[in-house]
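Hi,

Here is the structure I promised to pass on. My notes on it follow below.

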Amino acid sequence: MKTAIVTGAARGIGLATTDEFLSRGWRVAMVDWDAAELEVALSTRKNVLALPYDISNPQQVETIVRETLDAFGQVDALINNAGVADFGRIEETDFDRWRRVMSINLDGTFLMSQAATPALKETKGAIVNIASISGLRASTLRVAYGTSKAAVIALTQQQAVELGEHGIRCNAVAPGPVRTKLAMAVHTLEIIAAYHDALPLNRYGTEAELAGAIVFLCSEKASYITGQTLAVDGGFEATGIGLPALRG
Ligand code: NAD
């Protein structure tokens, strides 16, 4: 039975990705440092393992991979989805805020991938790193978040080039806005309306739409795709001078 490790699996895009894997007959090691929310998610699902650990802690990352192998014996896919958003102006982003975003979004993705690589070599498995449209297009307030996500895209390319000879494929998914707890903490009603205006599809994406793309990249149907960033963003990345005022 194929096995995926999904980080940030207790809710949002990570939980939807867990369900997509389960619906295709995979087992899922669900990683999330919110132990209480993870327990709730676990209670209604089969073929899952709860790993209440912090992906930015090197020792805990080793434990995640060891406990997955002990329980399931193999790792076929790693989804580096756990992340935090902290929007602030450049002058207000002190070093602690900067480091917190980097340590989870970037260091966590690096550490988890490194720890899972020996197991992924055995299965010729896949890594999918969750970046963001904020890693593809700059904006205000995203000096730490956007930079961490651009780095995740660069890290994905490094991983694809180096791990390709072992048959490991590495891709990134860059979500547009999705109404998860993470997004709703930083999106006001005004921001939501402005996004609708700026997005060619005129709406937010759903967790399930993200999950479909993520699981596709781990499937046989994506067997020749590596080193890519797939924007699942309602067309946002495609717009250059696609100003709302120029449309319609
Ligand atoms: P979410 O906050 O709903 O879920 C993220 C989960 O990750 C939470 O359950 C949280 O407890 C967990 N987590 C955070 N830090 C962790 C750590 N150090 N160790 C273990 N678990 C940790 O967020 P979401 O919207 O589902 O986001 C998932 C990913 O998608 C993130 O990487 C985010 O940056 C990215 N993303 C989201 C959006 C959006 O609009 N929602 C847009 C672009 C990118």
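Helices α3 and α4 make a right-handed crossing (right-handed if the near helix is turned clockwise from the far one by less than a right angle). Their axes, for α3 (residues 58–72) and α4 (residues 95–123), come within 9 Å and cross at roughly 30 degrees. Pro-58, Val-61, Glu-62, Ile-64, Val-65 and Leu-69 of α3 make the contact with Leu-111, Met-112, Ala-115, Ala-116 and Ala-119 of α4. Axes are lines fitted to C-alpha atoms over the stretch in contact, with angles running from 0 to 180 degrees between N-to-C directions, and contact means heavy atoms within 4.5 Å. Helices (H or I, at least four residues) and strands (E, at least two) are DSSP runs, numbered from the N terminus.

This is a predicted model: local features need pLDDT of at least 70, side-chain atom pairs count only at pLDDT 80 or more, and totals for chains, interfaces and linings use all residues. Residues are numbered from 1 along each chain as its sequence is written, and side-chain values use heavy atoms, leaving out hydrogens and water.

Next, Leu-136: this residue sits in the loop between β5 (126–130) and α5 (143–163). Leaving aside residues up to four places away in sequence, Leu-136 touches Ile-153, Ala-174, Thr-229, Ala-231 and Glu-237.

Finally, Leu-243 lies in the segment after β7 (229–232) and counts as partly exposed because its relative accessibility is 48%.

Happy exploring!

How values were computed. Buried < 20%, exposed > 50% of the residue type's maximum accessible area, 1.4 Å probe, protein only.
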